[in-house]
Amino acid sequence: MDTYDLVAIGAGPAGESATELAAFFGYRCLIVEQGAPGGTVTTTGGVPTKTLREAALYFSGFRDRDIYGLRLEAPPDLVLEKIRKRTWAVCEALQSATATAIKMRGVGYLQGRARLAPERRVVVDTAGGGEQTVRGKVILIATGSRPAPPDPSFPVGHPGLCDTDTLLQRGAPPRALLIVGGGPVAVELATIGVALGIQVTVVSKGDRLLTTMDGELSSRLASLMTGWGVRFVPEATVGTAVPKSEDLLDVTLTTGEQLSVDTILFAAGRISNTEDLGLDVVGLASDEKGRIAVDARFRTAVDGIYAAGDVIGPTLASVAMEQGRVAVCDAFAIPVQGVIDRAPVAAVYGMPEVARAGLTEEECIERGLAYEVGRADLATTARGAIAGRGGLLKLIFLKDSHALVGAHCLGDVASEVVGIGQMAIRCGATIHTFANMVLNTPTYSYAYKHAAFDGIRRLAARGIQTLPATTHITDQPRPP
C-alpha cells in the first residue's frame, strides 16, 4: 500500500491547488479523480458554459448586431455544430493542460472512484476495474458538486427535462426554454438562448435576478434582458410539468400561468458529491445537501481529514483554490500566508457581464454603514464610445474615512474591470486613490476616474469634507 503525505480526492480547483502547493514544498501527493482532470470546471461547469456563451454570441452576431446596423447571421444548423465543436475543443484543451500540469509537478494521478477507510486509507475502484488502496498522512476531500435534481413528481426521463450537465448533450437547441432559477447559471444560459433566437422564460423564487449581486446592477441587467425578449417571472416556480408529446411539456407555474415548452432547465442549486464516499466509516457526516462541516482552517471533525470547495458549500472556483491552499498550509505548517480574501468577489458571465468585489448597497444598509456612491456610465468613456457599449461602474465608499468598500460593474469584461476595485479594497484605498491615479485611455478602467469624481461631487453637495484630515498633497519638484 503506497503512503502519501497528501491524498486529494478530486482533481478540481481545490484538489489541484492543494497538491500544487504541497508538492512545491516537497511533499509526496496523489490526486484521485473519477472524472476528467479539472473537475466540473472543465467538463460541465465554468469552462464549457463560458465557451458556449462566447461561441453563441460570435456566431449569432448578437454582440454587435445593433452597433453597425448589420445582421450577419449564420444558418442555425451551422451555428450549432460550430458552437459544439468549439466548446468541446476548449474543454479538451484545458483538461489536457490540467493533466500535464499535475504530472509536471510530480503529483501522482489515479483514475477511479474513491471511498474512505479507517486509518486514513483511501480505497479506489480504478478505471480498469480493479481496486487499489492508498494511505494519506493527510486527506483532502474535494469532490465538488452536481446540479440539484428536479422534483421527483416531474416526468423524470423526458428528453425535455435538463440540468446544466445534460443540456450540453442535447442534439438540437431548444425552441422554447423555461429556466428554473434566478442565479448566475440561469442568467448565463438565458443570454445564450437569446443569442441563438430561442424563446426564453426565467422563473425564480426570488423577487429579482442575481440576489447576491448589487440590486441596482441586477435590475439594470433584468431590464436589458426583458428588452431582448426574455420573460422573467419572479416569486414563482414550476407547479406541474406534464408531457404533451415527445417534444413538448405543458407547464403550470405556481402563479397559475400555463405555458408550453420543449425544454425545462433546472438551475436552482447544487448538491455536494459526498454520497458513497464512506464518510460514516471514518466518523464524518454530511447535511441534507451533502455538505461537510469544517472549521476556519478547513479541518473536518476527524483529525487529518480536510475538505474544501463545493463539498462544504457551493462556491467559486477561485475561492475553492484558496480553500485548498489554506488547508495544506495548516496541515503541513507551510510558511505561506494561508487566508481567504474576506472581500466577497463574484462574476456572472451573461451579456453583458456583472461582477462585484466587496459590499453591495444592500449589505451596507444591513450593517448600518454610512456610505456614499460614485457612478460612471461606461458609454461615456472613450473605450465605451469606440466599442458602442454602455454599462455601469459603481463604487461604494464610507462617508467618514472615504475608504472603498465595494466595486460593482455591469458591462463588457466587467469581471476584469472589477479586479482593480478588488485590489484597491484589499489595499485599503480610498475614493481619492482613483481620483489621483493616471489611468490609460481609451480603457474601460478609466471609468474609475469618472466614478471617483462623481462620488466626491456627491460628498461636496452634501457639505461633507471631500478630503480626509489625514490626506496630504505634496508638491512634486518640477523637472528642469
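I began with phenylalanine 25, which counts as partly exposed because its relative accessibility is 31%. My cut-offs: buried is under 20% relative accessible area, exposed is over 50%, and partly exposed is in between (1.4 Å probe, protein chains only). Phenylalanine 25 is found in the loop between helix H1 (13–24) and strand S2 (29–33). Helices (H or I, at least four residues) and strands (E, at least two) are DSSP runs, numbered from the N terminus.

A note on the source: this is a predicted model, in which local features need pLDDT of at least 70 and side-chain atom pairs count only at pLDDT 80 or more, while totals for chains, interfaces and linings use all residues. Residues are numbered from 1 along each chain as its sequence is written, and side-chain values use heavy atoms, with hydrogens and water left out.

**Aromatic pairs.** I counted rings of Phe, Tyr and Trp (its six-membered ring) as a pair if their centres lie within 6.5 Å; planes under 30 degrees apart are stacked, over 60 edge-to-face, and the rest tilted. That rule gives three aromatic pairs. I looked at tyrosine 27 with phenylalanine 332, a stacked pair at 4.2 Å centre to centre and 25° between the planes. This pair links distant parts of the chain, 305 residues apart: tyrosine 27 is in the loop between H1 and S2, and phenylalanine 332 is in helix H7 (residues 317–332). Tyrosine 27 is partly exposed at 28% relative accessibility, whereas phenylalanine 332 is buried at 13%.

**Helix H5.** How many of the 12 residues of H5 are buried? I found 10, so the helix is largely enclosed by the rest of the structure. Among them are Glu188, Leu189 and Ile192. After H5 comes glycine 197, whose phi is positive, near 80°.

**Salt bridges.** My rule was a side-chain nitrogen of Lys or Arg within 4 Å of a carboxyl oxygen of Asp or Glu. I get 25 salt bridges this way. Aspartate 303 pairs with arginine 120, their closest N and O atoms being 3.2 Å apart. Aspartate 303 is exposed at 64% relative accessibility, while arginine 120 is partly exposed at 25%.

I also checked arginine 389 and aspartate 412, whose side chains meet in a salt bridge at 2.6 Å, N to O. Arginine 389 is buried at 13% relative accessibility, and aspartate 412 is buried with a relative accessible area of 13%. My last entry is a network: salt bridges that share partners join Asp214, Glu216, Glu361, Arg375 and Lys394.
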